[in-house]
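I opened a new notebook page for this structure. I wanted to look up the surroundings of the ligand and then the nonpolar core.

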Amino acid sequence: MNQLVDRWGRAHTYLRLSVTDRCNLQCNYCVAAQGIYTHVHREELLSFEEIERLTRLLANHGVHKVRLTGGEPLLRKGLPELVARLRTIETLNTIAMTTNGILLKNHIGELRRAGLTQLTISLDTLRPKRFARITGASVRLFFSVLEAVELAIAEGFQPLKLNVVVLRGFNEDELEDFVELTHRLPLNVRFIEFMPLQGNSWDRQRFIAAREMLERLAARYELRFLADATQVGGTTRDFQVPGYRGWISFIAPISAPFCYSCSRLRVTATGLLKVCLFAPPLVDLRRLLRTGATEEDIIGAIHNALQRKAVEHPPAEELSSVPTLPMTVIGG
Ligand code: SAM
């Protein structure tokens with residue numbers, strides 16, 4: 001088995017797969033500015049057969065973890081069927097999903113039985129009115145997300161990961177409230193730096209570096225250092241308040257990039273391969289899959305793209321003008 005190694009020696013073992021470009025929330029830091037993007041038609045999405053074939057090929061070359069994302073992945077009909085298909089790939093040890101949780105209640109049992117192994121729910125605020133303000137959705141949906149968190153834990157997704165994008169002037173005053181949530185629940189709360197992506201109106205004023213978050217919490221809590229996963233292909237630096245059931249993590253792609261250990265490949269819902277969140281797509285995998293390309297052709301194209309992967313992404317101020325794709329299309 002040839003591993004998917006780039007010219008900087010990084011092996012790519014983690015596939016992040018968007019299954020739809022549509023979302024049922026309009027988080028104002030995430031959605032693309034008006035007019036920049038229109039949704040694709042169903043037939044343009046990779047089919048479940050195509051996703052399974054592609055994942056199987058990648059698994060033959062060292063990929064052992066897949067994350068389903070979007071858009072909102074639960075908007076894709078029949079998702080448990082896709083999970084079940086991926087489950088048949090023996091060398092995959094993790095099938096994860098990132099969701100906003102709104103539709104989770106109706107699917108969680110089925111997803112679990114189909115073979116979903118890890119779950120991340122995104123929730124940026126614990127205050128209903130703020131939720132409505134940032135997502136453009138009704139306050140009622142905030143309670144659906146809270147319910148989804150409890151359900152996911154009860155269903156055995158432990159630790160459940162909770163993604164929190166921290167924005168100055170929006171939810172920076174809730175860091176402690178999220179820490180307290182790890183007292184009550186076996187959660188891994190992940191504080192994420194706001195990233196610039198095409199069309200998302202990033203600006204320094206709304207950005208808070210992970211160090212500032214950490215210093216603020218360290219002044220209030222005893223924080224025990226657990227691990228630095230960025231050394232081993234992960235994205236987090238992890239801490240725990242002694243005695244609390246869960247723990248917190250910081251993800252600092254902007255102030256302390258972890259490109260040196262990057263192991264991630266991304267495939268958009270229409271089958272475009274991205275070797276870096278912050279770089280333009282490099283290969284149209286859907287075209288290859290639909291025109292009779294062999295395993296060798298497909299892996300060869302991915303391998304070539306990896307040889308063009310930069311050693312690290314450019315600094316924040318340059319990133320918002322890089323023609324990547326909106327986050328909802330790439331799959332966060
Ligand atoms: N709809 C799903 C959800 O809400 O989890 C999956 C897709 S969403 C794009 C994945 C994650 O990306 C979410 O946790 C979201 O908060 C995060 N995200 C989106 N835009 C971001 C940005 N500009 N900076 C940091 N995180 C971002």
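**The ligand and its shell**

I began with the neighbours of the ligand in this predicted model. I found 19 residues surrounding the ligand, and the closest are Tyr29, Gly71, Glu72, Ser122 and Met195.

I sorted the residues of the shell by type and got 7 nonpolar, 10 polar and 2 charged. I also looked up which strands take part: β3 (94-99), β5 (160-166) and β6 (187-193) each supply at least two residues of the shell.

Next I looked up individual atom pairs. The side chain of Tyr29 has an N or O atom 2.8 Å from an oxygen atom of the ligand. Gly71 uses its backbone, where an N or O atom lies 2.9 Å from a nitrogen atom of the ligand. For Asn163, I noted a polar side-chain atom 3.2 Å from an oxygen atom of the ligand.

How much of the ligand's accessible area does the protein cover? On its own the ligand has 550 Å² of accessible area, and the protein covers 95% of this.

In soluble globular proteins, nonpolar side chains tend to be buried together. The largest nonpolar core here has 105 residues, and Leu68, Leu104 and Phe191 have the most contacts inside it. Helix α5 (residues 139-154) gives the most to this core, with 7 residues.

Leaving out residues up to four places away in sequence, I listed what Leu68 touches: among them are Leu17, Val19, Pro73, Leu79, Ala96 and Met97. Thr98 is also one of the residues that Leu68 touches.

Conventions: Residues numbered from 1 in each chain as written. Predicted model: local features only at pLDDT ≥ 70, side-chain atom pairs only at ≥ 80, totals over all residues. Heavy atoms only, no water. Near = heavy atom within 4 Å. Polar contact = N/O pair within 3.5 Å; in protein donor to acceptor, adjacent residues only side chain to side chain. Areas by Shrake-Rupley, 256 points an atom, 1.4 Å probe, with all protein chains shown as cover. Helix = DSSP H or I, 4+ residues; strand = E, 2+ residues; numbered from the N terminus. Nonpolar A, V, L, I, M, F, W, Y, C, P; charged D, E, K, R; others polar. Core = buried A, V, L, I, M, F, W, Y, C linked by side-chain atoms within 4.5 Å. Buried < 20%, exposed > 50% of the residue type's maximum accessible area, 1.4 Å probe, protein only. Contact = heavy atoms within 4.5 Å.
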